[in-house]
Amino acid sequence: MKELKCVLNTSISELKGKILKDVKVKEKDQIIFTTIDDVKYTMLHYGDCCETVKIEDIVGDINDLIGSEILLAEESTNRDNPKYEDYESFTWTFYKLATIKGYVDIRWYGQSNGYYSESVDFRKEYYA
């Protein structure tokens, strides 16, 4: 019987080769990917006082990621073209995912006073 829930920080590249049975976008701050073997991966940001990190947009049909092997799972970042000039620091984070059905690009935008994280966390949750 599976009882212990394990949570690990990992990389989105761990999705490569997996098959998803569900993808849920929760508002602008969390995406939950569930594999066919019931492992959950959550993309989110743990907020602090002087920063925000949110999903800016999703290009492509998120449902294209369900039911077929993930062939591409990559993360990239850049610090070009701030969305707002009000903050001292910002980071764009891009996630590129693909199956044989299509591509999905998830774009996050983080901004802060320069002392707080603007990164996106990717957690793996499973029962051992």
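A residue is called buried under 20% relative accessible area, exposed over 50%, and partly exposed in between (1.4 Å probe, protein chains only). The model is predicted, and local features need pLDDT of at least 70, side-chain atom pairs count only at pLDDT 80 or more, and totals for chains, interfaces and linings use all residues. Residues are numbered from 1 along each chain as its sequence is written, and side-chain values use heavy atoms, with hydrogens and water left out.

A search of the whole structure for salt bridges (a side-chain nitrogen of Lys or Arg within 4 Å of a carboxyl oxygen of Asp or Glu) returned six. One of these joins K54 to D29, with 4.0 Å between the closest N and O atoms. K54 belongs to strand β5 (residues 51-59), whereas D29 sits in the loop between β2 (20-26) and β3 (30-35), so the contact ties together parts that are 25 residues apart in sequence. Strands are DSSP runs of E with at least two residues, and helices are runs of H or I with at least four, numbered from the N terminus. Both partners are partly exposed: the relative accessible area is 41% for K54 and 31% for D29.

A salt bridge also links the side chains of D22 and K24, at 2.7 Å from N to O. D22 is partly exposed at 24% relative accessibility, and K24 is likewise partly exposed, at 43%.

In the salt bridge between R123 and E125, the closest N and O atoms are 2.5 Å apart. Here R123 is buried, with a relative accessible area of 18%, and E125 is buried at 10%.
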